[in-house]
Amino acid sequence: MPVGPDRLLVSDWSMLEEKFLKRLDGWKSNTLSLGGRVTVINSCLTSCPVYHMSMHLLPKTIITKLDKIRRRLVCLLCKWWWKLEREEGLWQTIVRNKYLRQGGIFYIKHKQVDSASWHDLLKIKQLYLLGRCMVIGDGRRTDFWGDAWCGHTPLSQLFPSLHAISNDLGCTVRELADRRWNFSFKRWLDEHNQRCLVELGDKLMGVRFNQDRDKPVWKWEKSGKFSVKSIYTHLSSNGIDRSFKHLWKAKIPLKIKIWLWLIWHNAIATKDNMKKRQWEGDTKCRFCHEKETIGHLFFTCSAVAYVWGTVTNTLGATTRPGCFSQYFWWITQHSAFSRNVQIAGLAAICWAIWKIRNRACFEGKLIRSPVELICTACSFLTHWAGIHNETDGAMLRSGSAGLQEEALRVHQVYARNTRRRLEDDAHADTVRPDGD
Ligand SMILES: [Zn+2]
């Protein structure tokens, strides 16, 4: 522990970096087992700086350096997934028999009886899956919805609304092909989903099988082979780290930034989260009758699906996002918005949903039509346009105008239907003897 009469300099901390690198030698020598590597990350590379941090505020440069080393180790750990899927050996045979049986790695979940190192490996599985695509052989080891096999993106992300109501989660490509792509859904498909299904069918037309095993390839390398460097580059450039960097820089009110950050960590007071804290109330969504979770409230609830449908129509897209992680990918595909505009858009929609949800929960005021959600979101967008630069501000204003126009176009239908319903009600009232 460095001690000095004055403020400590960056150079005083070099010993911490050296200590880090010294532990890393063990990794370089390649003699450590998987469990050993996990232990190095947990015991040394995480706890060393935490110990020092309890006494001092570490200089920013040192934190960045240490993070870099840790990131490299996480990337190295991803290599084990690649080895498991692509290489043959005793370790692979044991692990496949114990944890995978016949299926692929997509749907493996953590169980209580799992060993600690397997548990740690599972923690970084999602990161590994981001870079890995499947080349179809016999189709028996590829998850239809979850794995990226028909192009570079999983079908669950290309068709989120179909995926959300699919009964075939966990089915392999082969299983569904044997059923002649006869999908089963939890409910009737609305117009949007019917269009999606046709599009999905088109995509599946060209699928051919052969006798080989399905093979993973690495999409971040031209050679298709896994490399630690490519995953490292991804992590430090446009990966998970950066979405938060953009969030903190976004030009929206600070309290909403913090609120969004909490959503990302599943830490806002939705009913399912309240239940976990011994709250005794009804966990049903206030707009429909499904369980209120973050994913439901902001993306899949029927009232909210209408909002995303309107946004989708305004952008001229055919699919809509099904969760937060899909949003940024989706909006980049369908618009030329800057990151600030993307975040402001997301924040406006979610904040509007949250406000109206709270009004419904605490004041008992239900919305008359989901158009109210859009108008509320648009009012935030135009309000925040003032604090953006000229280009972004103009984009937010025109986006808001476009959304309202689209909403009102649909609203005419809504308005007409509502009027008809009211007239019918009135008519029923006049015929009923006790009507007033
Ligand atoms: Zn709902």
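Okay, let's start at Arg-180, which sits in the loop between helices α9 (173–178) and α10 (191–204). Helices here are DSSP runs of H or I with at least four residues, strands are runs of E with at least two, and both are numbered from the N terminus. Before going on, a word on what we're looking at: this is a predicted model, where local features need pLDDT of at least 70, side-chain atom pairs count only at pLDDT 80 or more, and totals for chains, interfaces and linings use all residues. Residue numbers run from 1 along each chain as its sequence is written.

So, is Arg-180 buried or exposed? It counts as exposed, because it has 6 C-beta neighbours inside 10 Å. The cut-offs, with C-beta atoms placed from the backbone, are these: 20 or more other C-beta atoms within 10 Å of a residue's own is buried, 12 or fewer is exposed, and in between is partly exposed. Trp-181 is in the loop between α9 and α10 too, and with 15 such neighbours it counts as partly exposed.

Now look at the backbone there. Most residues other than glycine have a negative phi. Arg-180 isn't a glycine, yet its phi is positive, about 55°. Trp-181 also has a positive phi, near 50°.

Let's zoom out. The chain has 20 helices and two strands, and 26% of its 436 residues are buried. How confident is the predictor? The pLDDT, its confidence in each residue from 0 to 100, averages 81 over the chain, and 81% of the residues score at least 70. A contact means two C-beta atoms, placed from the backbone, within 7 Å. Where pLDDT is low, the predicted coordinates should not be read in detail.

Next, the inside. A nonpolar core is a set of buried Ala, Val, Leu, Ile, Met, Phe, Trp, Tyr and Cys residues joined through C-beta atoms within 7 Å. The largest one has 43 residues, and those with the most contacts inside it include Val-304, Ile-353 and Leu-381. Which helix gives the largest share of this core? That's α18, with 11 residues. As for Val-304, leaving aside residues up to four places away in sequence, it touches Leu-297, Phe-298, Phe-299 and Ile-353. Apart from that core lies another, of 15 residues, among them Phe-144, Trp-149, Leu-155 and Leu-162.

Not counting residues up to four places away in sequence, Leu-155 touches Phe-144, Trp-145, Cys-150 and Leu-200.

Last stop: α18 and α19. Their axes come within 8 Å and cross at roughly 130°. Axes are lines fitted to C-alpha atoms, for helices over the stretch in contact, and angles run from 0 to 180 degrees between N-to-C directions. Under 35 degrees is roughly parallel, over 145 roughly antiparallel, 65 to 115 roughly perpendicular, and the rest oblique, so this pair is oblique. The contact involves residues including Ala-344 and Ile-353 of α18, and Ala-377 and Leu-381 of α19.

Methods: pLDDT is the predictor's confidence in each residue, from 0 to 100.
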